[in-house]
Every structure is written in C-alpha cells, then in structure tokens.
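Subject: Model handover

Hi,

Here is the structure I promised to pass on. Please have a look at it first, and then read my notes below.

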Amino acid sequence: MKLLLGAIFGFFILLFPSMALQTSQGTEWVQTLSQQNVVLQKSIIYMHIPADSPLPFGGVWGTVQNAAPGYPVIIQIYQNDKPVYFAQTNVASDGSYDQHFRVTSVDGNKVIHIFEGDYTVEIYKSVLVNSAPSGTTST
C-alpha cells in the first residue's frame, strides 16, 4: 500500500511543474485511509496570495504527530478546483515538514505572478496509530 500511494502521488508530481505558495488559517485533520497501523489523514487549508506580494517565495509547513517513518507529506494546491501545484516533502526526525515554492518570478524587467488569488491547499500525512493486541479491546 505504501508503494501504491507513493506511485500515485509521484505520478501527480511528475505531471505538474513545481511552483510556490503561502498558507494561512487553521487545519482540521480527517482520517481518510488506513493500512495496518498507518493512517492517512487529510487537512484542508485556504490560502490567499495578494497580487502585490513582496515576497518571491511562499511555503507550507507544519508538524506531524506520530509520523509514520518513510512516508512523506503530500501537498496539493488547487485554484477554482483546478490543480496548480503538487509536491511531497519528507518529515524530519522532530515531526516537522516544510515545502517552499515560487510565488513570483522575474524575466528581465517583467515580474511574473505565478500564484495570485485564492487557493485551496490539501495536505496528506501518514501517522502511526496504536493497535491493540488481539483479544483485547480499547476505547
């Protein structure tokens, strides 16, 4: 299952070029898929990039509690339900992750706004869950 998830997300990463973003708002994690003692959780964050952003880069960062070793954090950014940026980033030993991307670019004297407006950011993380030994129950 780990390889299947990695292959699916890897495929999306190859299809969509790397760009940039900056997140805000709180997150709410929702369990979406489980395999043995690893659970895939999804969070949705809303992001706004102003047209006059003075910074050339944006970023998505956070912490994973009980991160499953070897599983990356998947970041997917959409504007008006259309995919604009996909990435995966490793989780550090302290559970933190971050992914930076370009918001603006410069071509000669022309400033190009890669990200501008409102976006939906979906973050997928894999966490370890406690599994009770057979014959016992937990609440």
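Which pattern does the protein chain follow when read along the sequence? The pattern is α-β-β-β-β-β-β-β-β-β, with 1 helix and 9 strands in the chain. Helices (H or I, at least four residues) and strands (E, at least two) are DSSP runs, numbered from the N terminus.

Some ground rules. This is a predicted model, in which local features need pLDDT of at least 70 and side-chain atom pairs count only at pLDDT 80 or more, while totals for chains, interfaces and linings use all residues. Residues are numbered from 1 along each chain as its sequence is written, and side-chain values use heavy atoms, with hydrogens and water left out.

**Confidence**

The pLDDT is the predictor's confidence in each residue, from 0 to 100. Its mean over the protein chain is 78, and 68% of the residues reach 70 or more. Confidence is highest in β4, with a mean of 97, and lowest in helix α1 (residues 2-15), with a mean of 44. The pLDDT is below 50 over residues 7-25, a stretch that has 51 contacts in the model beyond near neighbours in sequence; a contact means heavy atoms within 4.5 Å. Residues 134-139 also have pLDDT below 50, and that stretch has 1 contact beyond near neighbours in sequence. Where pLDDT is low, the predicted coordinates should not be read in detail.

**The chain as a whole**

Of the 139 residues in the protein chain, 35% are buried. Here buried means under 20% relative accessible area, exposed over 50%, and partly exposed in between (1.4 Å probe, protein chains only). The accessible surface is about 8,700 Å², and carbon and sulfur atoms account for 52% of it; these areas come from the Shrake-Rupley method with a 1.4 Å probe, and for residues only the protein chains shown count as cover. If you take the contacts between residues at least 6 apart in sequence, 72% of them join residues at least 24 apart.

**The core and strand β6**

The largest nonpolar core has 20 residues, and I77, F101, F115 and V121 have the most contacts inside it. A nonpolar core is a set of buried Ala, Val, Leu, Ile, Met, Phe, Trp, Tyr and Cys residues joined through side-chain atoms within 4.5 Å. At least two residues of this core come from each of β2 (38-49), β4 (73-79), β5 (82-89), β6 and β9.

Strand β6 pairs with β3 (residues 57-63) in the antiparallel sense over 7 bridges, and G62 stands opposite Y97. Two strands pair if DSSP finds at least two bridges between them.

N80 counts as exposed because its relative accessibility is 68%. The C-alpha atoms of N80 and T120 are 8.2 Å apart, although the two residues lie 40 residues apart along the chain.

N66, in the loop between β3 and β4, has a positive phi of about 60° although it is not a glycine. With a relative accessible area of 57%, N66 is exposed.

E122 sits in strand β9 (residues 117-128) and is buried, at 14% relative accessibility. Which side chain does the side chain of E122 meet in a polar contact? The partner is the side chain of Y124, at 2.9 Å. A polar contact is a pair of N or O atoms within 3.5 Å; within protein, one must be able to donate a hydrogen and the other to accept it, and residues adjacent in sequence count only if both atoms are side-chain atoms. Leaving out residues up to four places away in sequence, E122 touches K42, S43, I44, I74, I75, Q76 and Y78.

T104 belongs to strand β7 (residues 104-107) and is buried, at 9% relative accessibility. Not counting residues up to four places away in sequence, T104 touches L55, P56, V111, I112, H113 and I114.

Best wishes
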